[in-house]
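Hi everyone, thanks for coming. Let me put the structure up, and then we'll walk through a few spots together.

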Amino acid sequence: MRNSNFILLLSVLLFLSANLNAGKVYSAFADVKLSRIIDGDTFTVDLPCRDEVFCKDISVRVRGVDTPEMKSKNIYKRQSALKAKEFTKNFLEAGQVDLLKCGRDKYFRLLCDVTSDGEDLASALLKAGLARPYFGGKKQQ
């Protein structure tokens, strides 16, 4: 009986925490400093805050898209990954980078809408044919 009460309580708490996160207020960061580009949909930034431990070299994932992985064994996917990485580098270095509606993804990276001088990176990657739409879950092969 005691275990079933514990499981019920745990289930209720998990349900409540999931619902609380659904209405989460997101963070935004204006004019971040680009550190490095990892691939077409992931890069690192230095956030404009005082404490370097929490604000330097923060990993950011672009919300809404998936680009090919740099570590792919498939040479064509690696070539596509290099193109997407170069596109993202040029796009972000061309203007002021802002991170909007930031939360955390399953790997604890910042998951954000990313703009450079007001232009959306995810939309630009899709338009250039360098990414596909992605909103979590298992990636298509």
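So, is Cys102 buried or exposed? Cys102 counts as buried, because its relative accessibility is 3%; buried means under 20% relative accessible area, exposed over 50%, partly exposed in between, with a 1.4 Å probe and protein chains only. Quick caveat: this is a predicted model, where local features need pLDDT of at least 70, side-chain atom pairs count only at pLDDT 80 or more, and totals for chains, interfaces and linings use all residues. Residues are numbered from 1 along each chain as its sequence is written, and side-chain values use heavy atoms, with hydrogens and water left out.

Okay, disulfides. We have 2 of them, each a pair of cysteine sulfur atoms within 2.5 Å. Cys102 pairs with Cys112, S to S 2.2 Å. That pair links distant parts of the chain, with Cys102 in strand β5 (residues 97-104) and Cys112 in strand β6, 10 residues apart. Strands here are DSSP runs (E, at least two residues), numbered from the N terminus. The S-S torsion is about 120 degrees, so the Cys102 and Cys112 disulfide is right-handed. Cys112 is buried too, at 0%.

The other disulfide is Cys49 to Cys55, S to S 1.5 Å. Its torsion is about -130 degrees, so this one is left-handed. Cys49 is partly exposed at 37%, while Cys55 is buried at 4%.

Last stop, Asp113, also in strand β6 (residues 110-116). Asp113 counts as buried, at 19%. Its side chain makes a 3.1 Å polar contact with that of Arg63; that's a pair of N or O atoms within 3.5 Å, one able to donate a hydrogen and the other to accept it, and residues adjacent in sequence count only if both atoms are side-chain atoms.

Methods
Helices (H or I, at least four residues) and strands (E, at least two) are DSSP runs, numbered from the N terminus.
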